[in-house]
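Hello,

Here is the structure we talked about handing over. My notes on it follow below.

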Amino acid sequence: SCILYLRILYLFDKPKFEKGATAMKKLKVGIAGVRGLSTVMGLNALPDVEITALCDLDENVLKYSGDNLNIAPNHRYRIFDDMMESDIDAVVIATPMQCHVPQAIAALEAGKHVLSEVTAGVTMDELFWLCETVEKYGKTYMMAENYMYTPQVQLVRELVRQGKFGETYYAEGAYLHNINGLFVYPNGKTSWRSFWQCGKRGNFYPTHSVGPVMNWFPSDRITEITTYSPGVYNELGLRQDSGTTTMCRTANGKLLNIRVDCTSPRPHNMTYYQLQGTKGIFQAASLGFGDQDKVSFLGADNPLGNMHWEALDNYREYLPERYKAATAEQNAAGHGGGDFIVVRDFLNCIRENKRPEFDEYFATTMASVGILSHRSLLELGVPYDIPDFHLEEERAKWENDRLTPFYGSDGSAPNMPTCS
């Protein structure tokens, strides 16, 4: 998805930033993890943001991408820390997930703003140190969870704000994505996904489900989770379950049902959601074959709840203005324009020195759901409390918790540091 972010940078809010551009310092952005990047649309035409540095372990990919972007050879890096010594203002971290926290901390210590791919971290102690570091250095840290920015999710969010659903009390989110073709690289080497994603058990990738549904429960947070699975049925020698279900309780007593399945043989369905309130329901398209997002609301003709579906699209008038005003170029960035808005929000927060909505506390909460689901599952569904990462005394309890999902060769419980 790094290519999307790079393309989006061109699509940044040009009218706002071209006005008075002569008085505004250009933001220099570095990209860590450029595999798959091919083209960037019109970046040189944008006066206020430019990509000036790239970092990737693959020298061939780095050369190809650097040549396409006209990045100076001395600003192409294979070592992340070397890029941090350059004059970039911000970095997009789109590397494998086990690298996110070490690289985010290095960037923040170097005075760089951070837009991080999901998930935030892979161990609980990493989440503690991420919050500590963001607070210490005061730079912008934002989680690039683009599913929260899709028009579908944002339209439902606005309907919640308008009271159409009444009080919301239950939601479902599912990320059903068969990734069995991603465990080995084209050159035959084993992919990091074989270890850090599907080399462990539990809900390893919850953010595309948790992020969107938490948009619909304002001023609430997840406080407890428990996780179950039917077991491991894949034939690839992976430890990952053939689907996991994590039940999440919120501070206000609401219930979320989060499901992830990345190994079962099935068509993709990565944006399945349901939201139930006292006055209505939202049901995302789920089965294909012409299914569509739909809603149903109580009304004078159905006071007892005997309701009928109608298309969510019938309520597009409630879609936030920035989605309705999006250009064809911005919508083409991906996820219905959501990928464009992720980057625009990040850069606006830097420019305006304001806190991102999806900051380090939101990011670490989502990540902890996945990390602790592994433990809950191994203990046959034992509930685990989710810390409030805003509170130092709560997150400090996890400062030295380095439990990883990997077992020792003798079968001993996983308990090994994840990075040096």
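**Strand S4 and its neighbours**

Ala32 has Ile93 in S4 as its bridge partner. Helices (H or I, at least four residues) and strands (E, at least two) are DSSP runs, numbered from the N terminus. This is a predicted model, in which local features need pLDDT of at least 70, side-chain atom pairs count only at pLDDT 80 or more, and totals for chains, interfaces and linings use all residues. Residues are numbered from 1 along each chain as its sequence is written, and side-chain values use heavy atoms, with hydrogens and water left out.

Strand S1 (residues 27–32) pairs with S4 in the parallel sense over four bridges; two strands pair if DSSP finds at least two bridges between them. S4 is also joined by four bridges to strand S5 (residues 113–116), and these two run parallel. Here Ile93 stands opposite Ser116 in S5. From S4 the chain crosses through helix H5 (residues 100–109) to S5, a right-handed β-α-β crossover. Right-handed means that, with the strands pointing away from the viewer, the path from the first strand over the helix to the second runs clockwise.

Within S4 (residues 90–93), Ala90 and Val92 point one way and Val91 and Ile93 the other way, and all are buried. Buried means under 20% relative accessible area, exposed over 50%, and partly exposed in between (1.4 Å probe, protein chains only).

On a 1 Å grid over the protein atoms alone, a cavity is a set of points where a 1.4 Å probe fits but cannot get out; a pocket is an open set with protein on both sides within 12 Å along at least five of seven lines; lining residues have an atom within 4 Å of a point. Grid points are joined across faces, edges and corners, and a volume is the space filled by probe spheres set on the points.

The second largest pocket holds about 450 Å³ of space. Its lining has 23 residues, with Met214, Phe217, Ser219, Asp220 and Phe362 nearest its centre. Helix H13 (360–378) is one of the helices that supply at least two lining residues, and H13 gives the most, with four.

By this rule there are two cavities of 30 Å³ or more. The second largest cavity has about 40 Å³ of space, and its lining residues include Met97, Lys200 and Phe204.

**Helix H12**

In helix H12 (residues 338–352), 13 of the 15 residues are buried, so H12 is largely enclosed by the rest of the structure. Asn353 follows H12 and has a positive phi, near 55°.

Regards
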